[in-house]
Amino acid sequence: TGVQTCALPISVIATFELPGPGLQVFDAPKRLFDTRAGQRGVLESATDEAAAFSAGEVRRYLPSAATGVPGGASLMITAVAIAPSAGGFLVAWPCASTAAAPPSVSLLNFQSGVTVSNNGLVKLNPADGGLCVKSSAGAHVVLDAYGWFAPSSTYGSLPQPQRLLDTRPGQLGVLEGAVDEVKPYSGTTVRRYVVAGTAGVPAAGAVALAVNVAAVAPTANGELRLYPCTSTASAASTSPSVVFTAGSTISGGGAVTLSANGGFCVRATAGTHVIVDVTGWYTSSSYRTFAAPGLPKLLLDTRAGVRGGLETVDTASPLAANTTYRWSLGGRAGFPAASQIASVRVTVTQLTAALPGFVAVWACESTSTPPPSTSVLNYRPMVPIAGSAIVPVGGTDAGICVRSSQTTHVAINSSNWFAP
C-alpha cells in the first residue's frame, strides 16, 4: 500500500478564508516537494528532486512564487519523513540561505524505518519567502501546504520557534529559567506553566499558543494532554495532544488555549520526558474555544460505551474501510450556530486498525463530496496514534466528513474553532 501523505485535509471545492486578514486556505492542498523519484511537487516543476536528504543536510525552498503566499506569512504544513535510515528529527525555519542557523527545536521526530508525519506552522523569510528544511538522519521527505496566516493577522508568529520546556537533564527551555526541570513526567504528573510575557509571546492579548509537543522515551503507552488551567488542581482535559507508545519518541502539533491568567497545564498518563515548543500565538479576533474552562471536547468515540458530543446515540461500531461519514457541527457539542464557524481544529486518534492506513477529514456538504488526496494521520497496525488539523466546514450546517482507509475505531476531539 502507498503512503497517504500531504497536507492536512481541506475541501477541494472552494477557498475558505478568515478575514482580518486571517487564515487563508488553499482551494486544494499543495505538495511543495517530494524527494522520492517520480513524485514531483510544485517546487520541482523544472527538475525532479529525486534524492533523499542525507544526515545533517539543509535544503532551501522558495514557496511564495508557486503558492502565492507572501514573505513573512506563516505557512501551515504537514511534513512527512519516509523510511528514515536512523532515528532523528526534521527542522523547518525561515532562512535567507542554507547557511542560516536552524532553531534548536524540531518539527517532526522519527524512528528508524518508520514513516511518520506531523503538522505545524512555519514562518517564511520576510524578504523572499525562503524556507529551510534539515533532516538529522537520511530520509525521504514530503512537505505539503494547505494554507497560511497572513502577517499581522489573528496569528502572531515568532521570528523563530522557541523551546518552552524540556525535562531532559541539561536541556533548558525558556520557562525553566535558571533551574533545569530534570524530572520526567510520571503517570500522575500535572505541571503548570505561564507563558505570557516570555519567549516572545506578548504579556497581553494572547489567548492560545501554537505548539509542538513531544513525548521522549516513554516508559509505557500513554497520552500527553495540554489544556488551560489556573492551577494544577483545575479540571483536567481527557483529550490527547499526543498519543505515544513505550520507547518511541513522537511529536504532535496543535494549539493550547490559555487560562485567564495566561497559564496552561501538561499532564502525562505514563512516564515520559516532555518537550514543548512554541511557534506563535493566537488573538481573540477569530480564535474561539468552548465554554469555560475552555477544555478540549470529545466529539466522537466509536467504541461502545463512550459517547462524544456529536453522538445522539452511542456509535458503538468502528469506521468501515473506505466509507465516508459526515457530522454537522452547527449548534451541537458546544459549537455555536453554523454561520459562526469557518473552520475547526480536530485531533483524530486511531485506535484499533489491523492494517496500515490513513484517516482523512475534510469540509463537505454531503457524504458524496469527494475526499481529498490528503490525510490527518498515517497509522501502523495496532499502534494508537493521533493527528491534528485545522479543517474548514461545509454546507449550511458546518459539516465535516471523516474517512479511514482501513476499518478502525477512532476518537475525535476539538480544542477550538475559528469564526468567519
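Start your tour inside: select the lining of the largest cavity, whose residues divide into 16 nonpolar, 10 polar and three charged. Here Ala, Val, Leu, Ile, Met, Phe, Trp, Tyr, Cys and Pro count as nonpolar, Asp, Glu, Lys and Arg as charged, and the others, Gly among them, as polar. This is a predicted model, where local features need pLDDT of at least 70 and side-chain atom pairs count only at pLDDT 80 or more, while totals for chains, interfaces and linings use all residues. Residues are numbered from 1 along each chain as its sequence is written, and side-chain values use heavy atoms, with hydrogens and water left out.

**Stop 1: the largest cavity**

That cavity holds about 300 Å³ of space, and a search of the whole structure turns up seven cavities of 30 Å³ or more. (On a 1 Å grid over the protein atoms alone, a cavity is a set of points where a 1.4 Å probe fits but cannot get out; a pocket is an open set with protein on both sides within 12 Å along at least five of seven lines; lining residues have an atom within 4 Å of a point. Points are joined across faces, edges and corners, and a volume is the space filled by probe spheres set on them.) Pick Leu107, Gly120, Leu121, Val122 and Thr279, the closest to the centre of the largest cavity among its 29 lining residues.

**Stop 2: the largest pocket**

Now select Phe89, Ser106, Asn109, Arg163 and Arg168, which lie nearest the centre of the largest pocket, out of 17 lining residues. Its volume is about 250 Å³. The lining splits into eight nonpolar, five polar and four charged residues. S11 gives the largest share of this lining, three residues. (Strands are DSSP runs of E, at least two residues, and helices runs of H or I, at least four, numbered from the N terminus.)

**Stop 3: a four-strand sheet**

Next, colour the open sheet with the order S1-S8-S3-S6 and antiparallel pairing. (Two strands pair if DSSP finds at least two bridges between them.) S1 (23–34) and S6 (116–123) are at the edges with a single partner strand each, so one side of each has no neighbour in the sheet. From one strand to the next, the twist averages 20°. (Axes are lines fitted to C-alpha atoms, for helices over the stretch in contact, with angles from 0 to 180 degrees between N-to-C directions.) Zoom in on S3 (residues 74–82), joined to S6 by eight bridges. Which residue in S6 is the bridge partner of Ser74? Click Lys123 to see the partner.

**Stop 4: strand S20**

Move to S20 (residues 343–350): eight of its eight residues are buried, so the strand is largely enclosed by the rest of the structure. (Buried means under 20% relative accessible area, exposed over 50%, partly exposed in between, with a 1.4 Å probe and protein chains only.) Ser343, Arg345, Thr347 and Thr349 sit on one side, with Val344, Val346, Val348 and Gln350 on the other. Eight antiparallel bridges join S20 to S23 (residues 385–392), where Arg345 has Ile390 as its bridge partner.

**Stop 5: the nonpolar cores**

Finish with Leu209, Phe264, Leu329, Phe335, Val348 and Val361, which touch the most other members of the largest nonpolar core, a set of 58 residues. Apart from it lies another core of 27 residues, including Leu75 and Ile77. (A nonpolar core is a set of buried Ala, Val, Leu, Ile, Met, Phe, Trp, Tyr and Cys residues joined through side-chain atoms within 4.5 Å.)
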